[in-house]
Amino acid sequence: MNLSVFRKLVQIAAFGFMVYGSGLIGYYTVDKFSNALPALSCAFNHNTGDYCTLIPFQHQMAHRVGETIANDGNLLQGLMPTLITLGTFLILFVFLSKAFCGWICPLGTFQELLSMLGQKLGLQQRESVNEKIVKRTRPVKWLALFFLVFFFPILTGLGYASHDLVDPYCKICPSRILTTLANGNTDQLMVDQANPVTMGFSIFGDFLFGLMIALALTVRQPFCRICPMLAMNATFRKIGLLKLAKNATSRCEKCGLCAKACPMDIREIHTEMVKTEVTFEDCTLCGRCVEFCPDKDVLQLKYATIPVFSASSDYFKKRKKAQKAWEKATLASLKQPTVQPEAKG
Amino acid sequence: MKIVQHKRSSSLPVVLLCSFLGATAMVDAMANTTPRMIITKPSAAASNEHQHHGGHQQHGQQGAQQQPRPRRRGAGKQLILKNGEGAVVKFWAPDLSTTEVALEGNRFTTPKPAVDNYHALIAEQQIGNLKQAAIRYMYMRGKPSKESPSKLAAAQKTELEIEPAPIPREHHRYMANKVWEFIVRFKGEPLSGIPVMLETSQGSRVEATSNDAGLVQFTIPDDFSEVKPGRRKNPAAELSLFAEYKTESAQYETTLSAAYHVDPDHWRSKGWGVAVAGLGLVVGGFVGGIGRGNKRGKKQ
């Protein structure tokens with residue numbers, strides 16, 4: 001079993017837990033998780049195994065930080081819930097690092113499954129997104145984190161914005177719609193006509209959900225590129241125990257297979273020749289770059305400085321063969337005699 | 001399970017209709033003159049009084065005029081016990097420890113909670129061979145309780161009780177048009193075939209009968225007379241569930257009360273939601289298709 005297959009199994013198991021987990025661990029146990037480790041899935045879903053950390057952050061900005069400032073209260077007291085949320089997020093982050101995005105996140109898994117479907121339908125995904133588009137897209141996640149998770153909720157708490165802006169990110173998040181729909185609940189796929197703010201956000205959220213589904217069939221991980229959770233993880237990536245390491249050789253300059261393999265189109269993995277720590281801000285630690293690096297130990301996933309998965313030429317050959325077989329098996333190819341896939345990629 | 005819904009303001013025709021339909025348990029319950037003991041919020045009790053004087057609209061207007069009160073962490077909550085002048089009220093913590101609460105007239109204030117999570121208020125009184133109980137679950141703020149609300153809900157707190165199955169989870173609430181389930185228990189054991197009446201402060205009544213597992217299911221009536229767009233513009237109303245059970249030596253009555261909220265579908269359109277998502281799909285398909293010429297060659 002190659003790393004990609006193993007990762008898919010982990011992702012599917014995590015998806016089941018995140019979206020239907022309360023059936024497994026108990027309806028109320030989830031609340032304890034959300035209090036202790038608010039860093040996972042969506043609170044709008046009744047059956048979720050856990051909550052996304054962005055929900056408490058938004059509410060604490062509005063109801064604690066903003067209101068404390070507005071009422072001339074004790075700022076430390078107002079910040080304390082946020083610090084507790086941040087602290088518990090960091091506990092999880094230290095162990096998982098940015099692998100949350102690449103291995104756990106249900107929305108990331110959904111997009112990968114759509115990508116696989118797109119490939120099987122012969123919708124031909126692009127090799128990689130244009131470099132200019134990638135670079136222009138990167139700041140969006142930081143803007144989403146700053147404005148939607150912190151700024152607007154604080155403005156609401158201060159009394160300068162509508163109460164409907166307490167959780168603006170949740171109002172546009174595709175995971176809110178995905179996880180509820182996955183439970184047969186259609187309540188979140190709607191246009192909220194209560195006022196212009198809710199209407200605007202709900203229209204944008206619905207549009208984004210549809211856009212993400214269509215794009216995921218042709219482009220790898222479209223929403224991940226603008227997700228504020230990716231920005232949150234990028235902020236603290238130095239303290240995570242899991243890291244991507246590179247020992248560049250002269251062969252790296254002509255190769256570039258790692259960048260082509262990267263679902264987030266991080267070309268810097270290829271071009272970086274000096275730094276040994278290459279967990280870039282968009283990296284989700286999926287490990288595909290390591291899988292497709294043909295040179296021994298040039299790329300490695302390290303956990304607390306210990307290599308847990310390293311590039312090797314033998315693995316590369318097997319992986320490439322499996323990938324070719326996987327890509328040949330499309331619905332279109334079923335009409336013609338073809339080689340059966342050995343493994344999926 | 002038989003469910004009948006009607007408004008209190010038109011009780012006579014509905015009683016006749018129910019009689020015609022054979023909903024005898026409901027007719028019996030309506031004919032029962034014993035006042036039921038219920039724990040309510042002060043505002044709900046006030047609005048009920050308005051309602052009895054014939055004003056559904058007054059309720060909405062009065063509720064809308066209420067100013068939101070700041071919530072204080074760890075503060076007690078003031079409540080009203082209707083028809084329970086001689087009752088003993090106990091405050092159950094998530095760890096099942098209890099504290100007796102003093103009644104001041106028909107009002108009482110819950111003790112300052114030591115921990116967060118759901119607590120239960122149980123009022124009990126004995127009138128001859130009739131034992132009445134009223135239950136209300138309340139979320140209190142405080143330090144983490146480290147207990148599951150299911151432990152509190154499942155515990156035997158009085159002889160006859162209606163157990164929420166489950167109590168709404170954090171971030172969720174009873175809402176009109178949504179289905180919720182309850183279990184009727186006597187001395188901790190499920191009771192089957194017991195008629196349960198759901199009444200709302202807006203005047204609706206719905207009846208259902210518990211199944212073999214004691215389970216009874218209700219769709220909460222969508223009976224807010226004046227709905228304004230936006231959840232915060234619509235104050236919560238009160239619902240109560242009532243059941244009774246007779247043994248050879250005694251009669252038991254129980255109520256479970258809670259707040260419920262307007263169905264947001266009044267100002268939300270799912271059709272438009274699907275249409276907008278469809279538009280996103282089309283645009284995404286078009287944008288993704290632009291680069292279709294840029295196929296992966298020797299991709300990884």
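**Entry 1**

I count two residues as in contact if their C-beta atoms, placed from the backbone, lie within 7 Å. The model is predicted, so I note that local features need pLDDT of at least 70 and side-chain atom pairs count only at pLDDT 80 or more, while totals for chains, interfaces and linings use all residues. Residues are numbered from 1 along each chain as its sequence is written, and chains are lettered from A and ligands numbered from 1 in the order in which they are written.

The domain assignment of chain A gives domain 1 as 9-232 and domain 2 as 241-320; such bounds come from an automatic or database domain assignment. I read a distance of 28 Å between the C-alpha centres of domain 1 and domain 2 of chain A. Helices (H or I, at least four residues) and strands (E, at least two) are DSSP runs, numbered from the N terminus.

**Entry 1. The cores**

I next looked up the largest nonpolar core, which has 86 residues. A nonpolar core is a set of buried Ala, Val, Leu, Ile, Met, Phe, Trp, Tyr and Cys residues joined through C-beta atoms within 7 Å. A residue is buried if 20 or more other C-beta atoms lie within 10 Å of its own, exposed if 12 or fewer, and partly exposed in between, with C-beta atoms placed from the backbone. The members that touch the most other members are Tyr169(A), Met212(A), Cys258(A), Cys289(A), Cys293(A) and Leu299(A). Helix 11 (residues 196-216) of chain A supplies the largest share of this core, ten residues. Domain 1 and domain 2 of chain A both give residues to this core, so it lies between them.

I then followed Cys293(A): leaving aside neighbours within four places in sequence, Cys293(A) is in contact with Leu257(A), Cys258(A), Val298(A), Leu299(A), Ala311(A) and Phe316(A). A second, separate core of 50 residues includes Ile38(B), Phe91(B), Ile162(B) and Ala258(B).

**Entry 2. Backbone exceptions in chain A**

Most residues other than glycine have a negative phi, and most peptide bonds are trans. Against this I checked Asp72(A), which is not a glycine and has a positive phi of about 55°. Asp72(A) is found in the loop between helix 4 (54-70) and helix 5 of chain A, and counts as exposed because it has 7 C-beta neighbours inside 10 Å.

Ala304(A) also has a positive phi, near 50°. I placed Ala304(A) in the loop between strand 3 (299-303) and strand 4 (306-310) of chain A; these strands form a hairpin with two residues between them. Ala304(A) is exposed, with 11 other C-beta atoms within 10 Å. Strand 3 and strand 4 of chain A run antiparallel and are joined by four bridges; strands pair if DSSP finds at least two bridges between them. Lys302(A) has Pro307(A) in strand 4 as its bridge partner. Of the five residues of strand 4 of chain A, the number buried is zero, so this strand lies largely in the open.

**Entry 3. Strand 10 of chain B**

I found a cis peptide bond from Ala165(B) to Pro166(B), with omega near 5°. Pro166(B) sits in the loop between strand 9 (160-164) and strand 10 (179-186) of chain B. Five bridges join strand 9 and strand 10 of chain B, which run antiparallel; Pro164(B) is paired with Phe182(B) in strand 10. Phe182(B) also stands opposite Val216(B) in strand 14 of chain B. Strand 10 and strand 11 (residues 189-190) of chain B form a hairpin with two residues between them, and Lys187(B) in the turn has a positive phi of about 50°.

**Entry 4. Confidence**

I noted an ipTM of 0.90 and a pTM of 0.82 from the predictor for the complex. Chain B has a mean pLDDT of 80, pLDDT being the predictor's confidence in each residue, from 0 to 100. Residues 1-31 of chain B stay under 50.
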